[in-house]
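Please look through the structure shown here before reading on; the paragraphs below walk through its packing and its annotated spans.

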Amino acid sequence: MSTAIGFKNVSKHFKGAGYNAVDHVNLSIEHGELITILGSSGCGKTTLLKMINRLYEPDEGRIEFFGEDISSSDPVKFRRKIGYVIQQIGLFPHMTVADNIATVPKILKWSKEKINARIDELLELVGLEPGEFRNRYPAQLSGGQQQRIGLARALAVNPDVMLLDEPFGAIDAINRINLQDELLKIHAASKKTFLFVTHDINEAFKLGTRVLIMDQGNIQQFDTPDNIVENPANDFVRSLIDSVKGQERFIGD
Amino acid sequence: MIDYLLRYHDKLFKAFLEHIEIVFVTLVISIILAGILTYIMMYSQLLTKVMMNLFAMIYSIPSLALFSILVPITGLGKDTAIIVLVLYNQYLILRNAIDGLNNVEASIIEAATGMGMSKSQILFQVRLPLALKAIFSGIHLSVVSTIGIATIAASINAGGIGSVLLDGLRTLNTAKILWGALLSSGLAIMVNALLNIIEKRLTVIRNI
């Protein structure tokens, strides 16, 4: 396995904040992993994610994408190698489902046949019947269906890395569980690197091959779900795990 | 009144056509200029602020005053009228266009940026189609306002329906006053109604 993403001593500070949003973070993510980044709001998890596709630039340190320093890339072109899914979805309301998915393939000047074939393939992948959904507009879809399209759109050009920022945070519980299961399948089939930000402990432990727990801009623990449960690195992690231990849904059952 | 129409229908018709000509030329220039300015303003917030304040200030000047100020520079007639009307329209069109382009939901812009769309791709493929209704509202306002203010332009010899009205007022000719008022208000009301219908259609298409 090769290293997909590396953080070398990366910090990010926002004006007026008392502490660094991300504080001297070092980490290395192997290609093909599904990393969940867990923490409460304001812990720096979204900042960490947005530095990878250069929506934020770090104040200090270096981020590597398959060994190359990302700061030397053209940010617009670089982002096309990365799928990006956000909680608010952000589908283009004036475009059909097909046109939404085709956005980046069109920018990359794929042929019409290739784009059409890819749209059908992706719709099937996210569990929506192409014939029925291709020509719908976002307003004609439920929240869960919209996020499936958001996922399909991000996967359109088969990016090596997918960044998902609380993608299922606004979706009802039943749909969320279905989407989580499908995301696991999509990840397994794609063999690509997924980074998934969430504040839901159950979700983080269910999906992650490794879980990165953050608090106040620092990594508290970064390990497999089993190892974290068995050997919590500190009191913060311990209390986090204790807070859900009583729940039946907790992983490991 | 009918008598006047029968005797001077060609004169009335000529004034009416002149009026439409002024409105049409003004609109074409206004829309092209506003399009260019909007494009430039999308790349600088400071410039947007400066220009919007400038056009707001110009818009607040009473039309008769602005016509009079420009007469020594650009002379009497149609050209001066069109310059003033274009200046007024910039405020109406730009304010709506800039608001519409900037008020696209932040999450949509974030998704577009995150997937690797450039600034101009976002402007033309995302912001512009989503701002169409706001942009059209601005043009709608400017059309109606141009029809109205063009009437006053008769005071600097620009011609149009206003000249019929002014002549009527000067000579206390009731038929002329009535025809002038009827034509100018009728034109404004008809065009406004037409634009309302188009605007509604636009909304229906957009809110599928």
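Which residues have the most contacts inside the largest nonpolar core? In this predicted model, that core holds 50 residues, and Met41(B), Phe55(B), Phe67(B) and Leu94(B) have the most contacts inside it. A nonpolar core is a set of buried Ala, Val, Leu, Ile, Met, Phe, Trp, Tyr and Cys residues joined through side-chain atoms within 4.5 Å, where buried means under 20% relative accessible area, exposed over 50% and partly exposed in between, with a 1.4 Å probe and protein chains only. H4(B) gives the most, with 13 residues. Apart from this core lies another, of 32 residues, including Val85(A) and Ile171(A).

Leaving aside neighbours within four places in sequence, Leu94(B) is in contact (heavy atoms within 4.5 Å) with residues including Met41(B), Phe55(B) and Asn89(B). Asn89(B) is also in contact with Ser145(B), as is Leu92(B). Ser145(B) is found in helix H6 (residues 119–152) of chain B and is buried, because its relative accessible area is 18%.

The unreviewed UniProt entry annotates residues 20–42, 54–74, 134–157 and 177–198 of chain B as "transmembrane region"; its positions are given in the numbering used here, feature names are shortened, and annotations may be inferred rather than shown by experiment. Residues 134–157 of chain B are 79% helix and 0% strand, with end C-alpha atoms 34 Å apart.

Residues are numbered from 1 along each chain as its sequence is written, and chains are lettered from A and ligands numbered from 1 in the order in which they are written. Because the model is predicted, local features need pLDDT of at least 70 and side-chain atom pairs count only at pLDDT 80 or more, while totals for chains, interfaces and linings use all residues; side-chain values use heavy atoms, with hydrogens and water left out.

Note on methods: Helices (H or I, at least four residues) and strands (E, at least two) are DSSP runs, numbered from the N terminus.
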